[in-house]
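Subject: The model we talked about

Hi,

Here is the structure I promised to pass on. Have a look at it first, and then read my notes below.

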Amino acid sequence: MIAWTIYLTLAGAVVALMSPGVIARWTALLTTAGRRSSSACWRSLMSLIPGIFQTITRREWVPLLGMQYHLAADGISLTLCLVTGLTAVCAVLFSWDVDRRTNEFFFWLLLVVAGSFGVFLSADLFLFFVFYEVVIVPKYFLIAIWGSTNKEYGAMKLTLYSFLGGALVMIGIIAIYVTAGKESVATSLSLHELARFPIATDVQAWVFPILFLGFAILGGVWPLHTWAPTGHVAAPTAGSMLLAGIVMKLGAYGALRIAMNLLPDGFQLWRDWIVVAAVIGIIYAAAVALRQRDLKFVIGYSSVSHMGFVLLGLAAGTALGAGGAVLQMFSHGVIGALLFAIAGMIYRRAHTRDLDAALGHGAESRPAVCAFSFVVASAASMGIPGFSGFAAEITILIGTWKNYPQAVWITGIGMVLVAAFTLRALKTAFFGDKVPAAVESPALAPITTPEKLGAGLLMFSTLAIGIYPQFLLDRIMPAVEAMNFLKP
Amino acid sequence: VSYLEFLKLAAPEAVVVFTALVVLAIGLGSKHAQVICPVLAAFGLIAASVMVTTLPNEASLFGGMLVVSPLTSLLKIICLLLALFTVTLTRAGTFARDYAEYLALLLLATVGLMLLVGSEELLMIFIGLELTGLSLYLMTAFDKRDARSAEAGLKYFLFGSTTSAFTLFGLSFVYGATGSTALAGIGEKLASGAVSPLLAAGMVMTLIGLAFKVAAAPFHLWAPDAYQVAPVPSAAFIASGSKVAAFVVLGKVMLVGFGPAHGSAEWQSLAAGWSPILAALAALSIVVGNLVALAQTNVRRLLAYSAVAHAGYTLLGIIAGPHGFAATLFYTTVYALTLLGAFGVVAWVRSSTGGDDFSHFVGLSSRSPVLAACMAVFILSLAGLPPLAGFFGKFYLFSAALAAGERHGLLWLVVLALLGSLISLYYYLLVLKAIFVDDAPGGASPIVPAPLQRSTLTLLAAAIVIGGILPTNFVAQIIAAVR
């Protein structure tokens with residue numbers, strides 16, 4: 001049932017490519033918002049059997065090499081499918097005005113979405129990796145063709161970083177594959193079977209850091225995070241939304257599902273280092289965000305900072321920490337997409353994102369919807385109680401407290417910094433003093449219906465999960481507890 | 001062995017030779033040679049492939065001079081298929097009145113390839129090498145209107161003949177030390193005794209000739225010129241058919257003939273033998289090929305340097321031993337189809353825009369969506385991205401390499417190869433950027449490929465996609481054949 005998300009999105013991509021612009025646009029909207037995509041994630045979540053990585057389809061693929069076409073889902077993958085679906089719908093809504101090479105645009109966009117659904121639902125190591133790498137190239141074209149500031153540089157940097165991560169992941173995956181294949185009778189790449197297969201500790205000790213680093217590059221780990229801000233800034237609005245909402249989650253999800261789940265001993269050996277990198281990432285990215293003038297750079301660095309929380313939660317080594325990390329993936333997906341959507345709304349009208357120069361015209365010249373959503377998004381991003389960000393981060397910090405109390409103390413400073421840069425952006429963009437008439441503020445076009453719909457959907461999501469996080473946590477926690485890395 | 005039986009087993013080769021002679025004769029006499037000859041050549045190639053399928057399952061003549069097995073049959077069909085695609089990509093206009101001669105040379109080169117893959121005896125292998133080589137030298141220099149084509153041909157010839165001399169000299173050493181020219185006999189002899197210095201020298205010298213054929217660094221210097229200025233079909237055939245056969249021969253000679261002198265290229269336990277030499281060649285090819293490709297602005301020259309790098313990757317399978325040989329065969333076949341397609345696109349762009357630099361590809365996506373899409377498939381498959389066959393090939397190859405040995409000893413080569421493919425992604429993306437991102441120059445007219453070439457290219461692209469999504473059958477055939 002939920003497997004249709006992949007097939008339908010792929011089919012939608014092909015249809016979009018073949019059809020003229022208007023039809024491509026509607027095709028994209030229907031395939032992402034249709035009964036069998038986003039809402040399917042929702043229904044699957046409701047009817048989930050907790051704790052079990054439940055098989056959806058399982059077919060032989062290349063039996064001689066042990067590859068299977070095997071899809072499965074549990075609370076973690078469905079949560080991430082849900083945020084993928086949400087972000088995809090909103091990304092399409094926010095690209096309603098793309099009028100250059102429209103059909104190609106939606107083709108690449110849907111390809112990213114389809115690949116991401118595939119990653120979250122794969123239960124075979126090789127299949128997982130195929131989907132993981134499928135996402136790389138569409139990003140390049142989305143950014144290089146439809147992007148803005150420094151787009152070719154940003155696109156190339158992002159693609160090469162992703163591919164570097166992919167190469168490290170490939171080494172790790174092959175190492176697991178051949179090690180397990182050599183010692184068990186049947187070579188298998190099934191995650192179910194590999195999770196039960198004990199890999200020697202000395203192999204885990206060198207495979208884990210390679211594999212984890214490979215995934216973490218895509219998750220925006222310090223010091224290999226620099227692709228994220230440049231990539232986000234260069235990308236078109238929908239591209240940034242996909243990057244922040246989905247693509248960075250691919251890395252974090254892989255780190256949890258593959259690296260930590262299959263190599264628990266390696267994880268125990270290396271988790272201190274992950275905590276260090278995560279804490280530095282949180283503080284460093286927040287501090288850098290404080291000094292940015294381009295609104296998208298501010299949001300880009302805040303993404304890195306938020307993803308640092310995900311890594312911290314994963315590395316905490318407790319069920320609560322990892323569960324909080326998954327919740328944070330959802331939460332940041334929604335909030336990050338919302339922030340970039342608003343930045344896109346502003347840029348489309350004011351043709352600048354520079355906080356100091358042209359944005360400070362004062363609130364009265366900004367469309368009310370725009371200002372309202374930005375306030376909501378900022379509040380969510382800062383971790384104000386009542387929004388999903390607060391629920392996720394507090395869960396992570398509680399989960400981390402047991403093993404790494406110092407990290408929690410230091411991270412507290414990071415949260416202050418996040419609040420500082422967010423408030424600064426908010427103030428200069430919307431509540432600054434009105435610039436004297438020397439600079440005539442342009443008459444801004446009103447906010448369109450697709451934009452209102454998209455922003456509304458994202459705001460509703462972050463608020464709903466913020467008020468009742470238990471809905472997702474009830475489904476995430478059993479799945480986390482079933483994983484290997486918690487067992488001593 | 002009766003001659004009738006011999007003729008039966010050699011029937012596919014005989015058909016191709018016969019076709020070559022007929023094509024040559026028609027080219028001399030008929031006015032319609034430009035129409036008849038390619039049809040005839042294609043027909044001959046198809047007929048030969050059909051004959052290959054009727055060969056018996058196992059047979060060996062004259063001490064391994066002509067071997068028939070599932071593996072050789074599979075590879076002969078692949079070679080014939082590559083030649084067939086090359087014929088369909090060739091267009092009469094390029095060669096004016098010498099078209100028939102060109103096709104005859106192509107057919108003779110194909111015979112050479114078939115001898116190479118179908119023989120397990122050193123003399124026959126050498127004859128195959130020479131037949132292929134001489135035909136290809138001529139095909140490289142065939143563009144008589146372009147002095148650079150002659151230069152490339154001469155360069156290819158001088159390098160080729162020197163390395164051939166090395167190989168022949170080496171083969172004589174090997175024969176002198178082991179008393180046999182059959183690969184199986186050499187293998188037995190090696191297994192029973194230590195490797196004498198004479199034999200070691202012979203092995204290394206044999207290796208040089210084969211490394212030249214697969215264009216591994218530092219024996220790759222002919223490749224950039226040959227790829228860049230030879231007539232496009234010649235370059236395509238050198239990059240595809242000749243490469244496949246060369247890898248097959250290299251694998252056979254090393255694994256069957258010199259198998260016992262394998263040595264070890266694992267970093268924890270380096271041991272003398274041919275595999276550390278191949279490992280050094282592979283590492284050098286990966287580094288040199290990828291780094292030099294970065295600086296290229298001509299698509300064909302870029303493909304040549306990337307071919308050097310790919311030769312490096314492909315060697316990994318042979319270094320990994322018999323188990324990795326299947327991966328090598330898969331990879332090199334996929335690679336050959338991919339490059340054939342890429343050269344097909346280059347040929348059209350060249351004939352419509354007058355060149356094959358990056359600048360001639362600018363805006364191809366709006367000038368010809370079909371060509372652009374095909375080129376994207378080929379290039380991304382070369383870069384090793386899913387869901388294309390190149391990705392599966394790379395995964396298969398690297399996992400075979402890492403599985404060899406006790407403690408992941410070939411990890412260093414795999415890491416190097418992956419770093420190499422990271423570099424390669426950059427220059428492949430530059431090609432795609434010219435095609436898809438940059439806007440076509442003002443007044444650029446659409447490029448419309450002829451139906452035959454367009455369907456051939458689409459077919460090749462489809463094969464690459466399907467080979468990546470459903471590689472099962474082909475992999476199963478190769479694995480069964482290698483056993």
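A:R101 sits in the loop between α4 and α5 of chain A (helices, H or I with at least four residues, and strands, E with at least two, are DSSP runs numbered from the N terminus). Although A:R101 is not a glycine, its phi is positive, about 50°. A:R101 has a relative accessible area of 19% and is therefore buried (buried is under 20% relative accessible area, exposed over 50%, partly exposed in between, with a 1.4 Å probe and protein chains only).

Before you go further, please keep in mind that this is a predicted model, in which local features need pLDDT of at least 70 and side-chain atom pairs count only at pLDDT 80 or more, while totals for chains, interfaces and linings use all residues. Residues are numbered from 1 along each chain as its sequence is written, chains are lettered from A and ligands numbered from 1 in the order in which they are written, and side-chain values use heavy atoms, with hydrogens and water left out.

Back to the arginine and its partner. The side chain of A:R101 forms a salt bridge with that of A:E104, at 3.1 Å from N to O (a salt bridge is a side-chain nitrogen of Lys or Arg within 4 Å of a carboxyl oxygen of Asp or Glu). A:E104 belongs to helix α5 (residues 102-121) of chain A, and with 19% relative accessibility A:E104 is buried. Leaving aside residues up to four places away in sequence, A:E104 touches A:L17 and A:W146 (contact means heavy atoms within 4.5 Å).

Side chains of opposite charge can pair when their charged atoms come close. Over all chains, the count comes to 11 salt bridges. One of them joins the side chains of A:D74 and A:R257, at 2.8 Å from N to O. A:D74 is in the loop between β2 (67-73) and α4 (75-93) of chain A and A:R257 is in helix α12 (residues 237-262) of chain A, so this pair ties together parts 183 residues apart in sequence. A:D74 is buried, at 3% relative accessible area, and A:R257 is buried at 3% as well.

In chain B, the salt bridge between B:D143 and B:R145 has its closest N and O atoms 3.7 Å apart. B:D143 is buried, with a relative accessible area of 15%, whereas B:R145 is exposed at 65%. There is also a network of salt bridges that links B:E151, B:K155, B:D225 and B:R301.

Next, a pair of helices in chain B. The axes of helix α6 (residues 122-140) of chain B and helix α7 (residues 147-178) of chain B come within 9 Å and cross at roughly 170° (axes are lines fitted to C-alpha atoms, for helices over the stretch in contact, and angles run from 0 to 180 degrees between N-to-C directions). That makes α6(B) roughly antiparallel to α7(B) (under 35 degrees is roughly parallel, over 145 roughly antiparallel, 65 to 115 roughly perpendicular and the rest oblique). Among the residues that meet are B:L122, B:F126 and B:Y137 in α6(B), and B:Y156, B:F157 and B:L168 in α7(B).

In chain B, the peptide bond from B:A217 to B:P218 is cis, with omega near 0°, and B:P218 is in the loop between α9 (197-213) and α10 (223-229) of chain B. B:A215 is also in the loop between α9 and α10 of chain B. B:A215 has a positive phi of about 60° although it is not a glycine, and B:A215 is buried at 2% relative accessibility. Another cis peptide bond runs from B:P386 to B:P387.

Finally, how confident is the predictor? The complex has an ipTM of 0.89 and a pTM of 0.92. Chain A has a mean pLDDT of 83, with 91% of its residues at 70 or more (pLDDT is the predictor's confidence in each residue, from 0 to 100). Chain B averages 88, and 99% of its residues score at least 70. Among the elements of chain A, helix α3 (residues 38-46) of chain A has the lowest mean pLDDT, 70. Where pLDDT is low, the predicted coordinates should not be read in detail.

Best wishes
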